Each structure stands twice: as structure tokens, then as C-alpha cells.
Amino acid sequence: MTSMKDSYPVAIVGGGMAGASLALALAKRGIACVVFEAFALSEQSQPSFDDRTVALSKASLNILANLGIAEEIARVSEAIKTIHVSEQGHIGFARLAAEECDVEQLGAVIENWQLGKVLHQAFSKQAEYIDYVAPAKVLELSQSHDGAELTVEIDGQAETVETQLVVLADGARSPLRQKLHIDSEQRDFETAAVVCNLSTQLPHRNQAFERFTADGPLALLPLSRQRMALVWSKPQHQAEHYVSMPENEFAKELEHAFGARLGRITKVGKRQSFPLVQSKAETLVRGRCVLVGNAAQSLHPIAGQGFNLGLRDISVLSELLSGAEDYGDFHVLNQYQSLRQSDREQTLWVTESLARLFSNDWAPLSLTRNLLLKAMDIVPSAKSIFAQQAMGFGFKNSELAANDE
């Protein structure tokens with residue numbers, strides 16, 4: 001654990017993927033910060049850095065490259081070079097290849113714990129700007145016209161730190177967001193994601209699959225060592241059954257839903273389930289506090305946009321702060337909220353619409369879905385939109401840093 005100073009320009013509450021990425025983005029711009037993380041620096045204890053995976057869009061890879069960790073990410077991630085979208089029981093499908101977009105890859109898949117390791121190792125190169133304090137629990141927050149003060153519990157002792165700006169990056173159930181009385185709009189999909197890593201009979205060849213089934217969508221994403229990451233949406237009452245069923249039975253159920261594109265499922269790793277709830281904070285700013293990542297919004301995983309959206313939060317916020325004299329200035333934070341509004345609304349709407357559109361087995365709607373998939377595959381304008389969205393460039397303000405190579 002790093003020792004703590006009495007004051008910092010910026011204090012980040014939460015050292016998960018969003019908080020750690022923001023700390024590096026600020027350091028790259030010469031802005032010092034402290035990161036308070038509730039869990040000790042260990043991949044096993046930090047829930048943001050568990051065995052789950054994240055699909056990084058091309059735009060997000062560009063943002064991470066701007067943080068100086070492109071080579072490290074490339075070493076521990078697996079490229080997505082083809083995306084294949086289909087629906088069980090129907091012939092319509094859409095397919096997108098990297099070469100069609102004149103890029104080497106459409107994105108990449110990385111295990112959360114690997115990403116956490118890369119981010120935290122990068123801290124050592126920015127020790128001049130980043131103090132990482134863990135385990136640390138923020139107990140209280142007070143604000144005034146010209147600053148904020150945090151009361152933090154460290155090693156059983158309460159200590160105070162002053163700052164110009166407090167960034168809440170402490171997750172979808174952000175305790176500080178609740179203390180600030182920022183309401184969050186919730187959409188319960190009454191489903192859960194069954195997740196695990198697995199191996200297949202045939203190599204994945206850097207293909208990512210999105211398959212829509214009667215129970216809900218499933219995604220199979222390419223991982224290193226010829227593994228695949230599964231995210232399978234199931235009704236809540238079925239999810240635990242799929243987690244606990246014998247491995248061979250689970251493999252058969254998955255083969256039936258997914259088809260034979262990768263042959264048999266040869267090995268299934270540890271399975272877990274997570275409830276799927278979409279949330280949106282009513283505001284991103286309250287006084288000298290600002291929200292990023294899951295504290296600002298959490299998404300259904302159907303479009304794989306959760307962390308990608310959070311990275312765009314970080315990209316915009318760090319750019320705005322780089323030109324500020326007072327990092328908690330109302331006009332700066334209000335500009336952040338204004339710039340993020342369109343991207344948030346668009347991404348949340350697209351994600352929720354896809355979740356509802358592809359979780360309904362009404363026959364006329366199924367026909368519409370298949371016509372849509374076919375159009376996405378053969379109509380140039382539709383395919384272009386598909387490509388831009390898949391690579392993360394189809395969202396307003398994503399260009400602020402994501403397009404920089």
C-alpha cells in the first residue's frame with residue numbers, strides 16, 4: 001500500500017478497471033491523483049479483476065494505447081478478427097471481417113484479471129502521479145465551494161484527505177453515489193448471465209460469435225490458448241441449474257444452442273452466474289463529484305459495451321481536466337456531463353433494444369430479426385453501420401481520443 005498525502009488534485013474512489021484506467025489517463029496528462037480501493041491488491045480479492053472477460057472494441061484499444069499499455073494488452077489478449085451473428089433455428093446471419101474494414105482486428109478479448117495486472121503494473125511507471133491506497137474504505141464525503149474532503153479508513157484508522165475533485169468509480173452499487181443522493185434508474189431484465197471459459201474441438205480462428213436463442217443471447221469470444229469465453233443469458237430461475245449441472249450435460253445443452261461451428265465442447269471451466277440489470281445514474285455530476293464507468297451506468301452484456309462505454313467516459317473526462325485550473329470547477333464538470341449525454345443515451349438505448357428484440361420468440365418479430373441480420377450482411381450501408389458500432393466508432397464523442405492511433 002502506498003502512503004497517503006494530505007491533499008491531491010483528484011481523488012478516485014474505486015481501483016477497478018474504470019478507476020485504474022482513469023488514474024493512468026490523468027498521469028499521462030501530468031495530473032496527480034490518489035486511488036482508494038476497498039480490496040487489497042490481489043486478483044483473487046478484487047471483484048473487478050476476476051475470471052470474467054471483457055471484449056474491447058477497436059476504439060477502446062486505441063484509448064488504452066494512448067495510456068501507453070498497447071503492447072502489454074496485446075500480449076495477454078486475443079484479437080477479434082471476425083464477428084458472426086446468428087439466430088438459433090433460422091438461416092439469417094450477419095458476418096463482419098477485419099479486412100473488410102481495413103483494420104488488423106475489430107477488437108480484442110481479455111480476462112479481467114489480466115487487464116487488472118496490466119493496469120496496476122503500469123502504475124509503477126507513473127509513481128510520480130499515482131498513489132494507490134488499498135485496502136481503504138471511504139467513510140464520509142464533504143464538499144465546499146473550493147474543495148472536497150474525504151474521510152478514509154486505512155488499517156482501522158480514520159484519516160482525512162483534501163481534493164479538488166472526487167471521481168466515483170466504485171461500481172454499479174456505488175455507496176458514495178447513494179450518499180450523494182443520486183438516484184439510479186433500474187431496468188431488471190429478469191435474466192442472469194452464465195459465464196465460463198471453455199475449449200472446443202475446432203480452433204476459434206479469432207472469431208467472435210453472437211447467437212440468439214429462445215431463452216436469450218449467448219456470446220462466445222476468442223481467448224488465448226484456443227479457449228473461448230462464454231456469456232449465456234438465461235432466465236433467472238434457470239441460471240443456477242446451468243451453473244450446477246454436470247459438465248457433460250452443460251456441454252450438450254450449449255452445443256444444441258450454439259450449433260456445430262466449432263465442433264464439440266471439449267472442456268468447461270468454472271461456471272458462475274450474475275443477474276442482468278441495467279442502471280443509469282440520473283446525473284453524472286453532484287458538486288465536486290463526478291461519476292464514471294459502472295457507477296455512472298451499467299449495461300446488459302448483449303452488445304459488449306459496458307467497459308467500452310466507461311473508457312469513453314474516462315477519455316472525455318481526462319481530456320477536459322487537462323486544460324482546467326480547478327479540476328472540480330462547475331463549468332468543467334458540466335461540460336463533461338453534456339458531452340457524455342448523447343453517447344450514454346444512444347448506447348443504453350441500443351443495448352436495451354437489442355436485449356428485448358432478441359429475447360422475444362414472437363414469430364413476426366423473429367422474421368424481422370432475420371431480415372435485419374441478412375441486411376446487415378449484404379447491404380453496404382447497413383454493414384457499414386454494423387462495422388462502426390462493432391469497433392466502437394459509432395457513438396458520439398467516442399472520437400475525442402479513440403480515433404487516435
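**View 1. Helix α1 spans about what its length predicts.** Helix α1, residues 17-28, covers 17 Å between its first and last C-alpha, close to the 16 Å expected for twelve residues at 1.5 Å a residue. That expected span is 1.5 Å times one less than the number of residues. Helices here are DSSP runs of H or I with at least four residues, strands are E runs of at least two, and both are numbered from the N terminus. Bear in mind that this is a predicted model, where local features need pLDDT of at least 70 and side-chain atom pairs count only at pLDDT 80 or more, while totals for chains, interfaces and linings use all residues. Residue numbers start from 1 along each chain as its sequence is written, and side-chain values rest on heavy atoms, with hydrogens and water left out. Just past α1, Gly 30 takes a positive phi of about 75°.

View 2. Among the buried ones are Met 17, Leu 22, Leu 24 and Leu 26. The buried residues of α1 pack against strands β1 (7-13), β2 (33-36), β8 (130-133) and β11 (157-168), plus helices α4 (112-123) and α8 (306-322), where contact means heavy atoms within 4.5 Å.

**View 3. Phe 209 meets Phe 258.** A search of the whole structure turns up five aromatic pairs (ring centres of Phe, Tyr or Trp, the last by its six-membered ring, within 6.5 Å; planes under 30 degrees apart are stacked, over 60 edge-to-face, the rest tilted). In this one, the centres sit 5.1 Å apart with planes at 85°, so Phe 209 and Phe 258 are edge-to-face. Phe 209 belongs to strand β13 (207-212) and Phe 258 to helix α7 (247-258), so the pair ties together parts 49 residues apart in sequence. Phe 209 is buried at 3% relative accessibility, and Phe 258 is buried at 3% as well.

**View 4. Arginines over rings.** The charged end of Arg 271 sits over the ring of Phe 250, 4.7 Å from its centre (NZ of Lys or CZ of Arg within 6 Å of the ring centre and within 35 degrees of the ring normal). Arg 52 does likewise with Phe 274, its charged end 4.0 Å from the ring centre.

Methods:
Buried means under 20% relative accessible area, exposed over 50%, partly exposed in between (1.4 Å probe, protein chains only).
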